[in-house]
Structures are given as structure tokens and as C-alpha cells.
Amino acid sequence: MNTNDSARYYSEPAEAPPRRSFLKSVAVGAAFAGAMLMGAGQAQAATTWKIQSVWDAGTVGYDLFEEWCQSMEEKSGGELIFKPFPAKAVAADNNALFDAVRNGVLQGMNPFTLYWSGKIPASVFLSSYPAGPDQPHQWDTMFYSMGMLEKTREIYKKFGLFYVGPIQHDANIIHSKKPVNSLADLKGMKIRVPGGMVAEVFQQFGVSTVSLPGSDIFPALEKGTIDAADYVGPAVNWELGFSQVTDYIIFGPPGVMSIYQPVDLMDLTVSLRAWNSLDPKLQKLVEEEVRNYSQRHYLTIQKRNIAAMEKFKESGDTVTRLSQEDLQEFRRAAIPIWYKWANKDEDARAIFDMQLEYMMNETVGYINESDLEGVEGR
């Protein structure tokens, strides 16, 4: 029907459309208008979460995080938007970051879980610790198959937070100005390491430990005020120029890059209020996406690590490895310190007990009863 036919049809009473056709037209028009209004309502109802990472802008870690955040709008059909921020963009430091999420200034954060050891003692056991579980799949098993995720969420709920899930990152390694071929070689060295449990175990081997922010590591190594420094993995450490100020990289036995922090987990944690206000189907999407992102983040970092190690080698750096016997000795020194931290509160002990049971299971076999004999706090 062309335009003229349509005009003529409605101007001639004898050919007026029957009532049923008219009502049908009205109904179609109303349905179309309703659909338009519903679409507009959905657009207005899109939820935006501001999420700050601890990665600095321009690093591979932040690039990956930003890309993932930007994908959420499409994956949620426009219902959920993640607005990413790099380190210090909204909250100036870690304490401020923690409070900003609790207070609703930010809806979420992407930290290294270990950062909260002073606030949530259990967090010491929510990322790898000296001579504990040292393979990424072991941590995924504990979180997703052994009830550790549910227990972690119970703990975080007390702080008004919701722990969505772990994000696999990498091992932390040590760059040294002198070779270290055994634990005995550590005696008398001054090494930058994380505080807390890690520092306490290294001190058992005569190490003078120093706590420095990441930005101060390079100049301290360059000036010789420290002999060695722990930081993250090869990919990032190459970008930071550690090869220019050290000659050696200390790894654990074959297959274990680090004996003190081999699985340095990050996570996505959000405000409990923000989480509870989210539609259940979007909650499920976020949980699934965190697991997907964890794998993508980890695998990308590992690929970069392989390339970085070739660069370290070409630059003249030498990898030295501690032995399996060194690892066992390190674990014996660590066990009493595990219990010291586990007994800080009932939540820390609950998480640790899950992990101890797993490590003592024959499928892992890291610990047996003889290792625990006479340990204080058991």
C-alpha cells in the first residue's frame, strides 16, 4: 500500500477499517511504545562499578585488567559496566583502597590478597606463603573444590566486603648481586622481602630483611644498600630494569620458581552492599568472568615470563636454583611460623586447617605427622 492509498483508505467512511483491525493497531502501537520505554528504562538502570587495581597504568597487569573491565558491558548486555582505575587514581594507598570499597567510594578493588594481613589475618593464607602450596592448580582446588571460597566470603562479610574470587598472577622471585646456590649462602645478606611471615622465615637463615616499596627497589640495588630483592615475576622485573643492577636470579628446585611466595594471588573484592544490589544473573556472570579472567591473566603473564627469561639470559644474568633439600629445610623452618600466624584468630586457623589437611593428603604429600611433632601452637 502506498502513501496515497493509505490516506484515501482512512478518509472514506464507507471503507473505514473494522473495529478489530483498529484495536489490533492500537495494541501493536502500545506494545511498541512499551518496548521503547522498557529499553530506555534498562539503559537508565545499567549498574556502573568503579574498580581500582593495584597495578600501575602502563604495566602489562593493568592493560589486561583494563581490557577485561571494558568487556563487561557487552558481556552483560549493557546491564553492568566496570570502570577501571589504576593504582592510586582514586585511593592513594592500600589502606585507603580498602576503606574506599567499604565506604562505597569505589565499588570494587583488584588487590594482591596478602595486602590485608594486618586487617584480616586469614588473608596470609589466601595467597601463597613460605613453603606452602606452590602450584596454581592447588589454590584453585582449595578455593573451588574444598570450601575455601565459601569460608573466605564468610570472613570478608564481617568487613562489609564480598570476595568474588582469586585471580592467578605469578610467582615472586629474588634478584641478587651475588650468587646463591643454597640456603647457607643467604646468611649475612641484606634482602628486600615482604614483611610478615616471609620476613620471619628468611630471618631464620641469618638474612637481614628490609621492607621497601616497589619504586625504591631499583635505586637500593643500584647503590648497593641491599644485596638482593624480591619482587614479582620475570616479565615485570625485566621491565623494571633489574638486570641492570643485579647478575643473578634465585629460583627454587625445577618446577618451582619461588619457595617463599610461589603463587602470589590477586582477587576481585567488591562492596557487599554493591554485590547484594546486583541481579542474581549478573552476580553469576561476574563470578564466571573472574574465573575466566584469572586464567587469561595467568597465561599471558607466563608467556611474557618465558620471553623475559630469554632477555635476562642474553643480558648476562645467571639463574641459580635451590635444591629440593633446601626446600624441605625451608619448610621445616616455616612450619612454626605458619602456626604463629594461624593462631592470630579463629578465621586464620580455619583457613590454615583446610590447607594443612590438603598438604598432608597423599595427593600432595608436602607434610606428614613427623613434621609437626613438638611444634608450638599446634
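Analyst: Phenylalanine 202 is buried in this predicted model, with a relative accessible area of 3%. Because the limit for a buried residue is under 20% relative accessible area, tyrosine 260, at 3% relative accessibility, counts as buried too. Phenylalanine 202 and tyrosine 260 form an edge-to-face aromatic pair, with 5.5 Å from centre to centre and 70 degrees between the planes. The term edge-to-face applies because planes over 60 degrees apart are classed that way. Phenylalanine 202 belongs to helix H7 (residues 196-203), whereas tyrosine 260 lies in the loop between strand E9 (248-251) and strand E10 (264-271), so the pair ties together parts that are 58 residues apart in sequence.

Over the whole structure, a search finds 26 aromatic pairs. One of them joins phenylalanine 98 to phenylalanine 159, edge-to-face, at 6.2 Å centre to centre and with 75 degrees between the planes. Phenylalanine 98 is placed in helix H4 (residues 94-103) and phenylalanine 159 in the loop between helix H6 (148-157) and strand E4 (161-170), so this pair ties together parts 61 residues apart in sequence. As to cover, phenylalanine 98 counts as buried at 2% relative accessibility, while phenylalanine 159 counts as partly exposed at 22%.

Ring pairs also build a cluster, which links Trp49, Tyr62, Phe65, Trp68, Phe82, Phe162, Trp275 and Tyr293.

Arginine 291 lies over the face of tyrosine 144, 3.7 Å from the ring centre. At tryptophan 341, the charged end of lysine 344 sits over the ring, 4.5 Å from its centre.

The protein chain has 14 helices and 11 strands, and 49% of its 378 residues count as buried. Its accessible surface comes to about 18100 Å², of which 51% belongs to carbon and sulfur atoms. Among contacts between residues at least 6 apart in sequence, 75% join residues at least 24 apart. Both pairs described in detail connect separate elements of the chain: phenylalanine 202 of helix H7 with tyrosine 260 of a loop, and phenylalanine 98 of helix H4 with phenylalanine 159 of a loop.

Terms used
Residues are numbered from 1 along each chain as its sequence is written. This is a predicted model: local features need pLDDT of at least 70, side-chain atom pairs count only at pLDDT 80 or more; totals for chains, interfaces and linings use all residues. Side-chain values use heavy atoms; hydrogens and water are left out. Rings of Phe, Tyr and Trp (its six-membered ring) pair if their centres lie within 6.5 Å; planes under 30 degrees apart count as stacked, over 60 as edge-to-face and the rest as tilted. Helices (H or I, at least four residues) and strands (E, at least two) are DSSP runs, numbered from the N terminus. Buried means under 20% relative accessible area, exposed over 50%, partly exposed in between (1.4 Å probe, protein chains only). A charge sits over a ring if NZ of Lys or CZ of Arg is within 6 Å of the ring centre and within 35 degrees of the ring normal. Contact means heavy atoms within 4.5 Å. Accessible areas come from the Shrake-Rupley method with a 1.4 Å probe; for residues, only the protein chains shown count as cover.
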